[in-house]
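Subject: Structure for you to look at

Hello,

Here is the structure I said I would pass on. Please open it first, then read the notes below with it on the screen.

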Amino acid sequence: MLKMRWEYPDEDELLHSIISTYGGECSDNEYEILWKLAKQYGRNGYILEIGAKFGISTLILANASKLVDGCKVISVDASTLEMDRSFLYVPKTDLLITGWTRFLHYYKNLYLYDLYDHVISINAKSQEIADILDCFISLLFIDGAHDYESVKQDWIKYSPKVISGGIVIFHDYIAPVDVKKVIDGYVKPNPQFVYCEEYSEDSLYVVKKS
Ligand SMILES: C[S@@+](CC[C@H](N)C(=O)[O-])C[C@H]1O[C@@H](n2cnc3c(N)ncnc32)[C@H](O)[C@@H]1O
């Protein structure tokens, strides 16, 4: 039975209903950290999410920021552009679906959680639209394409848009190895960004801009 956003008056219940929605790729602990960070940092500018898939991280970021009257989420994903390439296996189900079907699930999730007014969805490759996305970012979540060149471009093109005091969260630090290579080669040597050890649990790597 599908439930609507307003059927979850309690914050913990809301968070756990999102985490249990199928299609998410972060651990429960990682989603709880994202939730906390979006409430803390999602107040000025925008939250920018690169890589939404079914929108589970979108639901986490947008619901958390909405709870504190925070900023909107810009959510970038290339899902429909992948429609001819392959079918995707949906974790915990028997579903094999295309990019377009995934996009419909994403939209359904935004609808169920009443987020159409709080999320700006962009269906494109993040690296290709960085120049026209003219915005200040208070929280940047990088979880899109995981190959070295794409992660590098996401960092190079979007980190300058992060405001002072804003944060950048990488998912999948360690594996696949390309994400780690970008963090070791570009993020760690950048003196403008300080490592946030307290939030960097599981495969999240978090830095704050000074
Ligand atoms: C790991 S999944 C994101 C999972 C999501 N953050 C969550 O936790 O629910 C990666 C997503 O990035 C998208 N993607 C791949 N290449 C991309 C690109 N160049 N720009 C934007 N999104 C991309 C894929 O379509 C996929 O939906």
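In these notes, a residue is near a molecule if its C-beta atom, placed from the backbone, lies within 6 Å of that molecule. Of the 22 residues around the ligand, the ones that come nearest are Gly-51, Lys-53, Ile-56, Gly-144 and Ala-145.

Two points on how to read the rest. The model is predicted, so local features need pLDDT of at least 70 and side-chain atom pairs count only at pLDDT 80 or more, while totals for chains, interfaces and linings use all residues. Residues are numbered from 1 along each chain as its sequence is written.

The ligand shell

By class, the shell around the ligand has 8 nonpolar, 8 polar and 6 charged residues. Here Ala, Val, Leu, Ile, Met, Phe, Trp, Tyr, Cys and Pro count as nonpolar, Asp, Glu, Lys and Arg as charged, and the others, Gly among them, as polar. Helices (H or I, at least four residues) and strands (E, at least two) are DSSP runs, numbered from the N terminus. In those terms, α3, β2 (73-77) and α5 (126-129) each supply at least two residues of the shell.

Lys-53 is found in the loop between β1 and α3. Is Lys-53 buried or exposed? A residue is buried if 20 or more other C-beta atoms lie within 10 Å of its own, exposed if 12 or fewer, and partly exposed in between, with C-beta atoms placed from the backbone. Lys-53 has 21 C-beta neighbours inside 10 Å and therefore counts as buried. Two residues are in contact if their C-beta atoms, placed from the backbone, lie within 7 Å. Leaving out residues up to four places away in sequence, Lys-53 touches Gly-23, Glu-25, Asp-77, Ser-79 and Arg-102. Of these, Ser-79 is 26 residues from Lys-53 in sequence and 6.7 Å from Lys-53 in space, C-alpha to C-alpha.

The chain as a whole

The protein chain has 7 helices and 9 strands. Its C-alpha trace spans about 50 × 40 × 35 Å along the principal axes. The radius of gyration is taken over C-alpha atoms, and the globule rule is 2.2 Å times the number of residues to the power 0.38. For 210 residues a compact globule would have a value near 17 Å, and the chain, at 16 Å, agrees with that. Of the 210 residues, 41% count as buried. Among contacts between residues at least 6 apart in sequence, 72% join residues at least 24 apart.

The nonpolar core

A nonpolar core is a set of buried Ala, Val, Leu, Ile, Met, Phe, Trp, Tyr and Cys residues joined through C-beta atoms within 7 Å. The largest one has 54 residues, and Ala-38 and Ile-60 have the most contacts inside it. The largest share of this core, 7 residues, comes from α2. Setting aside neighbours within four places in sequence, Ile-60 is in contact with Ile-18, Tyr-31, Leu-34, Trp-35 and Ala-38.

In α1 (residues 11-19), Leu-14, Leu-15 and Ile-18 are buried. They cover an arc of only 95° around the axis (the arc is that of the directions from the helix axis to the C-beta atoms), which puts them on the same side of α1. Asp-12 and Glu-13, on the other side of α1, are exposed. The buried residues of α1 pack against α2 (28-41) and α3 (56-67).

In α6 (residues 148-158), the buried residues are Ser-150, Val-151, Asp-154, Trp-155 and Tyr-158. Their arc is only 135° around the axis, so they are on the same side of α6. They pack against β1 (46-50), α5, β6 (137-142) and α7.

Ile-142 lies in strand β6. With 27 C-beta neighbours inside 10 Å, Ile-142 counts as buried. Among the residues that Ile-142 touches, not counting those up to four places away in sequence, are Val-151, Asp-154 and Val-168.

Two residues with positive phi

Asp-69 is not a glycine, yet has a positive phi of about 55°. Asp-69 lies in the loop between α3 and β2 and counts as exposed because it has 8 C-beta neighbours inside 10 Å. Asp-172 also has a positive phi, near 75°, in a residue other than glycine. Asp-172 sits in the loop between β7 (162-171) and α7 (177-187), and with 22 C-beta neighbours inside 10 Å counts as buried.

Regards
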